[in-house]
Amino acid sequence: MILLNNSQKLLALYKSLARSIPESLKVYGSVYHINHGNPFNLEVLVDSWPEYRMVIIRPQKQEMTDDMDLYTNVYRIFSKEPQKSQEILKNCEIINWKQILQIQGFQGSLEDILNLNASNKSKFGSWAETGHPDVEFESETPDFKYAQLDVSYSGLVNDRWRRGKNERSLRYIKRCIEALPTACVLGPEGIPVSWVTMDPSCELGMAYSMERYRKKGKMRQTMVQFKKYLRQNNIPFYLSVLEFNEDSRRSVKQNGFFEAACEWHQWTCYPQI
């Protein structure tokens with residue numbers, strides 16, 4: 001594999017990956033952040049250049065010091081020919097199979113190639129953003145204010161994230177809030193009542209509304225304003241929803257998203273003992 005670290009080549013890769021959306025979304029979004037400061041110290045590997053069949057995004061070596069950190073030890077993969085990826089993925093110089101890690105992508109065919117002892121092989125309904133909402137919100141009431149989520153609320157987000165509630169997730173959340181776009185609506189007490197964050201691959205997530213404010217439009221207000229900001233700054237974004245969560249699927253469609261043909265995949269991998 002070739003380490004791609006030239007800015008012009010990375011820009012060319014970004015433009016090339018756009019032609020393979022939605023299957024390439026995980027690496028496409030990651031390359032966007034790499035091209036804009038690389039706040040998570042990621043690196044890009046390709047099997048060849050300028051013609052390539054496979055792209056792997058992984059953290060730089062100095063980032064993966066904790067063998068148990070599932071939030072940092074994440075590999076995002078896109079392959080034009082998944083059936084020919086086995087030899088590359090078996091290479092321990094490319095993926096550190098001695099660590100607990102996650103592999104993410106939008107190509108279910110990689111599962112047969114990986115052939116790993118994995119958990120959380122859930123197939124999520126994936127979503128890609130398009131268009132504009134038809135309905136604009138009325139003027140904000142004096143008691144509620146749209147804002148960027150402050151890092152001081154990392155604990156609040158961690159306590160309510162289904163994948164959180166531990167020290168490693170708290171560190172990850174703090175880093176996301178500090179380095180990447182976020183959004184929230186502050187309630188009358190000046191505390192977030194709904195919020196959404198972005199991950200290093202441009203996926204929106206950790207979205208949550210406090211129970212007393214659910215079904216009152218606060219999450220929709222958060223999303224509409226956040227999408228407006230992302231569009232204005234030409235930042236790509238998408239999100240995933242569990243395919244059996246009909247309420248969430250209906251909600252994101254109402255917010256101007258469309259359902260992509262492919263699915264969101266995440267494999268949690270454990271080293272063989």
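Biologist: Is C202 buried or exposed in this model, and what is its relative accessible area?

Modeller: C202 is buried, its relative accessible area being 0%, where buried stands for under 20%, exposed for over 50% and partly exposed for the range in between, with a 1.4 Å probe and protein chains only. The model is predicted, so local features need pLDDT of at least 70 and side-chain atom pairs count only at pLDDT 80 or more, while totals for chains, interfaces and linings use all residues. Residues are numbered from 1 along each chain as its sequence is written, and side-chain values use heavy atoms, with hydrogens and water left out.

Biologist: How should I read a backbone phi, and what is the phi of C202?

Modeller: Most residues other than glycine have a negative phi. C202, which is not glycine, has a positive phi near 75°, and this residue sits in the loop between β10 (192-198) and β11 (203-209); strands here are DSSP runs of E with at least two residues, helices are runs of H or I with at least four, and both are numbered from the N terminus.

Biologist: Which phi value does N41 have, and where is N41 found?

Modeller: The phi of N41, again not a glycine, is positive and near 50°; N41 belongs to the loop between α2 and β2, and its relative accessibility of 27% makes N41 partly exposed.

Biologist: How do I read omega, and which peptide bond ending at P22 is cis?

Modeller: Most peptide bonds are trans. The bond from I21 to P22 is cis, with omega near 15°, and P22 lies in the loop between α1 (7-17) and α2 (25-35). Another cis bond joins W49 and P50, with omega about 5°, and P50 is in the loop between β2 (42-46) and β3 (54-59).
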